[in-house]
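Here's a quick briefing on the pockets in this model. Have a look at the structure first, then read on.

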Amino acid sequence: MKLRRVVVTGLGALTPIGNNIQEYWNGLINGVSGAAPITYFDASNFKTQFACELKGFNVENFIDRKEARKMDRYAQYAMVSSEEAVNDANFNFDKLDKDRVGVIWGSGIGGLETFQQEVIDFARSSGIPKFNPFFIPKMIADIAGGHISIKYGFRGPNFTTVSACASSTNALIDAFNYIRLGHADVMVTGGSEAAVTIAGMGGFNAMHALSTRNDDPKTASRPMDKDREGFVLGEGAGALVLEEYDHAVARGARIYCEIGGGGMSADAHHITAPHPEGFGAKNVMLNCLRDAGLQPTDVDGVNMHGTSTPLGDIAESKAIQHVFGEHAYTLNLNATKSMTGHLLGAAGAIEAIASILSIVHGIVPPTINHFTDDENIDSKLNFTFNQAQKRDMKVVMSNTFGFGGHNACVLVKKLDL
Amino acid sequence: MSDIASRVKAIIVDKLGVDENEVVTEASFTNDLGADSLDTVELIMEFEKEFDIQIPDDQAENISTVGQAISYIEEAKK
């Protein structure tokens, strides 16, 4: 069976450093940090009192108030980013066969704030259950994809992937495969997360997963730096329109790049800690290269999972050196979570978008907040520290690894490479 | 308009996102005001909260218009 080619024809983003694709890209190449003290709730009793929240975002500018009220923030973000991507793809809806358009979305958690609020309300009540009828359809992690399909009438394959911080990379790979295999011609994919809540901050704090650099939030996310001490929680969404190549060409669509391949693997090691030698991370990159039919030497850059945790960054750096050998020193590596924070289930989507835009613009966004080299990480590797670098990027891989030991990696490449 | 009627209408305007002028006595939540089954359940819960009453499910099924809601609550608050 001949596999069909898949290209990217639409992009959308709602991130802590920009509320659309243009603002996001400007933030990325200018090394902007999205971290700031938490405004959504009083965090003064929390170990970590900052996060990467959205800035100046008012959902009512995008969604009717009545509709927005029936959605958790994570679903609202999905609607806003997917609308940007679908508009960007510029379809003639009269000619689009909507039975052949699907939606595969990713979210690590789903409607955490909704769940939290309903339980708080019940705990404060007399004990008689008075749950809101929208509680379940607001909370469940699959509902964002449902909302997107309802809005546009997209009747193709539709489901949600859940693999913690790898969720939207899994969504992207699944969407790619569904088109490749002929199950759909167009897929709206991506991911969204809204975990900057009491439960989210409290839960990640309890794991000692988050940075506690409360005196200087903007430098807290510092992947690969010697003094990194945890990730910074972020939120938002990224959306991509994937399209079968001939379908895109036939309608004269603007093509950003081609999806080359996707890889998946598991650490099978620990529920939250990475494998110390990065075996799962190594395998996922090898699987991805094999799927794309490319050699390690074909790759120009890797957008790392790079969350700024002490163990994770070392394991991933080792894995990259295992996979690429001497070629690793010629790669442009970067960890854009230094700017956006960690968007959990949306991370894969916004980082795939960063990788795609690095090909489109020939600029590699930096890993900001590098102050001191870590002797456990090879200093000859180019992590694109602190300043964006110009480079003709043709092939870029984007890594994401999730709690549970799930690893997913997607490879994007210049069209007609 | 009674106090109860105006409070009922305010809840309907808020929850269903409809114009105040549409919320007339004969208006059906589902046929005229665009409510689905979940909206209807939420409306009943809001009435219970606002007026501090309990509306059993079998009686809630009989409340499908603005006027029926107002009558039911006026009776319950007597």
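By class, the lining of the largest pocket counts 15 charged, twelve nonpolar and nine polar residues. (Ala, Val, Leu, Ile, Met, Phe, Trp, Tyr, Cys and Pro count as nonpolar, Asp, Glu, Lys and Arg as charged, and the others, Gly among them, as polar.) This is a predicted model, where local features need pLDDT of at least 70 and side-chain atom pairs pLDDT 80 or more, while totals for chains, interfaces and linings use all residues. Residues are numbered from 1 along each chain as written, chains are lettered from A and ligands numbered from 1 in written order, and side-chain values use heavy atoms, leaving out hydrogens and water.

**Largest pocket**
- Its volume is about 840 Å³, a volume being the space filled by probe spheres set on grid points joined across faces, edges and corners.
- A pocket here is an open set of points on a 1 Å grid over the protein atoms alone, where a 1.4 Å probe fits, with protein on both sides within 12 Å along at least five of seven lines; lining residues have an atom within 4 Å of a point.
- Of the 36 lining residues, A:Glu118, A:Asp121, A:Lys130, A:Asn132 and B:Lys49 sit closest to the centre.
- α4(A) gives the largest share, seven residues (helices are DSSP runs of H or I, at least four residues, and strands of E, at least two, numbered from the N terminus).

**Second largest pocket**
- The second largest pocket has a volume of about 560 Å³.
- Its lining has 14 nonpolar, 17 polar and four charged residues.
- α11(A) gives the most to this lining, six residues.
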